[in-house]
Amino acid sequence: LTIGNYTGTSVKTYSYATIGGKTTSITTINLPSHLAKINQAAFGTQNAPHPITLNINPDAKNIQLARYAFIQSDFTSISLTSVKSIDTYAFANSDLLESVTIGTWPSSVKKIPDYTFYYCKALKSFDIPAHVTELGVSAFQYCGELTSITLSNKVTKLGKYAFGGTGLTEITLPAGLTDANISGGYQFYGCSALKKVVFAEGSKITKIPLDMFYNCIELEDIN
């Protein structure tokens, strides 16, 4: 399926269920350079019997991702040149999604929203921009194949269950985190592969919140 570069009154927004439902025959989707916004559930709940390849024209820039934009999609990878904004649940429950690449984030986007990658159980990697200061509730929860992640020293807040149930084996907690901004607890709840936790030099954390490392059965080193 190719959505071409329309002229005149170009279609720039793809809205609810544009490619939703039972997409049994589609194997590839090509999106044009004038793409500006992917609206709510535009590519959600595809239920395809096979993975779908998504090709977004690299000249499509400053894209807005609405709530549920790719929820339960069957894409294995998504690559965006740049985004303008990302809403909650943008990629949630996409079982086949292994990688998401975003070239440029505006400095105004300082949070990975709540449930952004919730239950993306095949996700192997994601580069968190250096200017991001907050990871929302369940941002990466149940990303079982996610074994490593880097948090910059600018990260000051981790929401509840931010990395709960992930495959992380080691994590360094940035010096910018404070007791108040992790007070919700449960951030690494059920990370059964987590072995090592490092508090960065200059850490301001004075107490471990409720169940932050509950059921981290392999945890053996907290430094």
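Two strands pair if DSSP finds at least two bridges between them; strands (E, at least two residues) and helices (H or I, at least four) are DSSP runs, numbered from the N terminus. The structure is a predicted model, in which local features need pLDDT of at least 70, side-chain atom pairs count only at pLDDT 80 or more, and totals for chains, interfaces and linings use all residues. Residues are numbered from 1 along each chain as its sequence is written, and side-chain values use heavy atoms, with hydrogens and water left out.

**Exercise 1. Describe the sheet that contains S12, and state which residue stands opposite Val 197.**

Step 1. The strand order is S11-S12-S13, an open sheet of three strands with parallel pairing.
Step 2. S11 and S13 (221–222) are the edge strands, each pairing on one side only.
Step 3. Two bridges connect S12 with S13 in the parallel sense.
Step 4. Within S13, Ile 222 is the residue opposite Val 197.

**Exercise 2. Determine how many bridges join S6 to S5 and how many join S6 to S7.**

Step 1. S5 and S6 run parallel and are joined by three bridges; Ile 63 has Val 83 of S6 as its bridge partner.
Step 2. S6 and S7 also run parallel, joined by five bridges; here Ser 82 is opposite Thr 104 of S7.

**Exercise 3. Identify which residues of the largest nonpolar core touch the most other members.**

Step 1. A nonpolar core is a set of buried Ala, Val, Leu, Ile, Met, Phe, Trp, Tyr and Cys residues joined through side-chain atoms within 4.5 Å. Buried means under 20% relative accessible area, exposed over 50%, and partly exposed in between (1.4 Å probe, protein chains only).
Step 2. The core holds 60 residues, and Phe 140 and Phe 188 touch the most other members.
Step 3. Elements giving two or more residues include S2 (28–31), S4 (53–56) and S6 (77–86); S6 supplies the largest share, four residues.
Step 4. Beyond its neighbours within four places in sequence, Phe 140 has contacts (heavy atoms within 4.5 Å) that include Ile 112, Leu 146 and Thr 166.

**Exercise 4. Classify the ring pair of Tyr 68 and Tyr 89.**

Step 1. Rings of Phe, Tyr and Trp (its six-membered ring) pair if their centres lie within 6.5 Å; planes under 30 degrees apart count as stacked, over 60 as edge-to-face and the rest as tilted.
Step 2. The count comes to 22 aromatic pairs.
Step 3. Tyr 68 and Tyr 89 lie 5.2 Å centre to centre with 45° between the planes, a tilted pair.
Step 4. Tyr 68 lies in the loop between S5 and S6 and Tyr 89 in the loop between S6 and S7, so the pair ties together parts 21 residues apart in sequence.
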